[in-house]
There are 2 protein chains.
Amino acid sequence: MSIAPILVAGSWQPSQATSSFHAVNPQTMEPLPTLFPVSPWADLEPILAAATTAFDQLRALPDSVRADFLEKYAARIQDAHKKLVEVAKLETGLPAEPRLNSTELPRTVDQLRQAAASVRDQNWALPTIDAARNIRSCYIPLGPVLTIGPNNFPYAYNSIAGGDFASAIAAGCPVIAKGHPAHPKTTEILAEQARLAANEAGLPAGTIQMVYHLTPEEGLKLVADSRIASIGFTGSRATGLALKKVADEHGKPIFLEMGSLNPVILLPGAIEEKAQALLDEVAGSCLLGMGQFCTNPGLLFFLAGQGTDTFIANMIEKYRAAPVGTLLTQGVRDNLHSSVLALQKAGAELLIGGQSGGGTGFSHQHTLLRTTGAKFLANPLGLQREAFGNATLAVVCKDAGELQSVLKQLEGQLVGSIYSHTAGNEDGLYRQLEPILRNQVGRLLNDKMPTGVAVSPAMNHGGPYPATGHPHFTAVGFPASIRRFCMLACYDNVRVGRLPQVLQ
Amino acid sequence: MSIAPILVAGSWQPSQATSSFHAVNPQTMEPLPTLFPVSPWADLEPILAAATTAFDQLRALPDSVRADFLEKYAARIQDAHKKLVEVAKLETGLPAEPRLNSTELPRTVDQLRQAAASVRDQNWALPTIDAARNIRSCYIPLGPVLTIGPNNFPYAYNSIAGGDFASAIAAGCPVIAKGHPAHPKTTEILAEQARLAANEAGLPAGTIQMVYHLTPEEGLKLVADSRIASIGFTGSRATGLALKKVADEHGKPIFLEMGSLNPVILLPGAIEEKAQALLDEVAGSCLLGMGQFCTNPGLLFFLAGQGTDTFIANMIEKYRAAPVGTLLTQGVRDNLHSSVLALQKAGAELLIGGQSGGGTGFSHQHTLLRTTGAKFLANPLGLQREAFGNATLAVVCKDAGELQSVLKQLEGQLVGSIYSHTAGNEDGLYRQLEPILRNQVGRLLNDKMPTGVAVSPAMNHGGPYPATGHPHFTAVGFPASIRRFCMLACYDNVRVGRLPQVLQ
């Protein structure tokens, strides 16, 4: 059986692969028909050469070419939505409605269009002009960017269609996309639409290239290669840290999103005030999409009391009653199971769930665990193990002082939320907790669950290490996300005709 | 003889040091009287505890307290200028006029005042408000910052008065300053003025603290300590990389300035057009302050020809005629000497100089070396060894193609400059060279030498690795330099009364 070609310098080319892989339908647990290549270094050499050339060519083209491309690509994704939903459903097990067709696909299209709008109004470049001294500065593209997408968003974080891709192209960086092996056919369809849109817009041939898979060794070698200027990665902490180590050694900017527990603090007043609505909200967010979101709330914090005990008892019933869906891959299922076991070993009590199965295909029971603040303080890292998927750990603290001590032990997170009584009688406690939580999370919420990341200029989808690699940057929201793939460039006494347009 | 105290939590405290050091007068090469401590970890524990407390206290205070402090401190430095100039001259050998009294000291005062102005108008926080979605974001301070200053700017880059210090305080970060052992008494005077200004302004006691010296081991332990949120460093590449490795392992933002060769390309048309003026300009910049600037031009690029040969011959005479001054330390002198030898071993021909001595105290002859483009291409890293001080390497390329190949081998630099004929007949060549140089330098110049870094909002005193650790950030220029010590903080659905003032 033939192996699918890869996208090199504007055309589909045979891979030099000697090994290949299938995607697996997570609902049937059976392999899907197409064979995809695991690209060896021989595949990457022409890609790196083409990306280098494309960067020089891109710098000589007007910004409007990139904006045109982003808009044409957005329209093409929209036009291809039926096929994209059909294939992504097969590869990921995610529901066609509303998730794939009405939520993620429109979001992806919107991201590309917002990126195009940023290119057109040039706000991402932050031009600064000191006319008196004839010194000017702005952000300029870094060079070819390697994008590595995760398993859980086949469109919106896809390495050839998602936020990192849109940001890098908007900045003027060629992209070398490394697809996720869980959804290669979805990636192929997107790549083909990107290729056609790039041709239509007149992008240089090496601007958009794609391989499906790499061995870990080749991936690290690619990060180290001098022709790669920067990397955008979303995935596991272990992989992210391995990439970070190599990038750091080469002084190369790398932007990582490596998982997060997204703590939610449910103060007694909020529970007392609206127990039933809060229960729906909390359980709904924890189990949404089988918990397979980077912003899934993995940790809930409570103060001890009758209200909390009742709330947790009701959560158990919610977890029991909610239908179990399908997990993305066998790996997600197995990691989830071992993480739940590890949490129990670290001091958490299993309240419900804990076993694989319960749904169609790769699945795992909705799982709720409970521990005390004292146990958390005795093993803070063990009880912060991420159980990616539909598992939640409730930590019940004996008093506000213990809650503060517990929060101080949190690692860096993408999001954190505090629910409190709306009448303000918990405002004093809020003022004690907020300074602790504020610098541990990129996004602080009030009275709202962490799931759902609006593509807003004010969004921060980022946060302190180890949630990401650098707390200055956001992966979502234009124009800020574009500036990740840029360097600050000063023009001092440069003759007017030689300045970039944005500084003239 | 007693050892000088250190600045801990608002007062001068005895050090627990078991070892100590003297500053050395570089002009007499004799030790200066005061004994200063090499601080052991026991000195650092109370400092770290006080900085942690101060960060919480600072966050509860209005911004105006920090602005008041910066202004009061600026005024105090100005008032203490006589003593500061007298002491810094003894410790560094830098001339009182114009350098210390009329250039660096006013610059330092101006930096503190510009930082204060940024605090008052809050422009550094980049507030972004999405009212429709009730999402807001801005930059907030990271936490306690360790500042480590270099030997060559006793005021303007001093860890307790310079750009990193001003930026961190402006952001709202407490500072733990690690002085440079070459000018401890200058640092002591500055620290005392900072202490007094902090008291007057009402800064928390642990906001500004200072030690004079650390062993390398304790320095690395301090970088790794969880109570240090970020680091600002200016100094050698070897030390910078050692600190970066530890900071990277802990996912901690570190801002490094590690030296640069600041290439200057002198095209034939510019030489033809104004040979004598250019000669004065180039030699003047290369030898300014004995070449002890991070923006000193260490590499000059030429195209082969009679004009170039005459220019270089005239440079030799300039180097011969210019009076030799004093270098900052014995270390600078010895490193310079061994670097000049290493450059010769790597393929450079010595045209003039090359020996220690020639001036008062620690000194080294003005040194000019020459090599070819071909030799540079044969050993690009060996011929990019930084010879910090009054030594310059001229690289003569046989043609424009070779010059382009040579430029592609450059490591990341703070600054690069291109001189060309003003009539525009070299504009075609400029267009070939500019894309190569642009992404290798933080600041691109035309027809101007790299020395001199204006404190302008449009300045970039930064650049690609290994000149710095991250090409996104500048160490000079407000408000951008302040944002280094910040994280992006999003407030999503946060109740209005709980928002920071800048987002309300």
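Let's start with A:Gly240, which is buried: 22 other C-beta atoms lie within 10 Å, and the cut-off for calling a residue buried is 20 or more, so this glycine qualifies. Bear in mind, please, that we're looking at a predicted model.

Where does this residue sit? A:Gly240 belongs to helix α8 of chain A, which covers residues 237-249. If we set aside the neighbours within four places in sequence, the contacts of A:Gly240 are A:Phe233, A:Gly235, A:Leu256 and A:Met258. For a sense of distance, take A:Arg370, which is 130 residues from A:Gly240 along the chain; their C-alpha atoms are 29 Å apart.

Now, over to the two chains and how they meet. On chain A, 51 residues are in contact with 51 residues of chain B. Which elements of chain A give two or more residues to that side? They are the helices α1 (41-59) and α15 (427-438), together with the strands β7 (128-130), β8 (135-141), β20 (441-446) and β21 (486-492). The top contributor is β21(A), which gives six residues to the side touching chain B.

β20(A) is joined by three bridges to β21 of chain B, residues 486-492, and the two strands run parallel. If you'd like a residue pair to look for on screen, find A:Leu444, which stands opposite B:Tyr491 in β21(B).

Conventions: Residues numbered from 1 in each chain as written. Chains lettered and ligands numbered in written order. Predicted model: local features only at pLDDT ≥ 70, side-chain atom pairs only at ≥ 80, totals over all residues. Contact = placed C-beta atoms within 7 Å. Helix = DSSP H or I, 4+ residues; strand = E, 2+ residues; numbered from the N terminus. Pairing = 2+ DSSP bridges. Buried ≥ 20, exposed ≤ 12 C-beta atoms within 10 Å, placed from the backbone.
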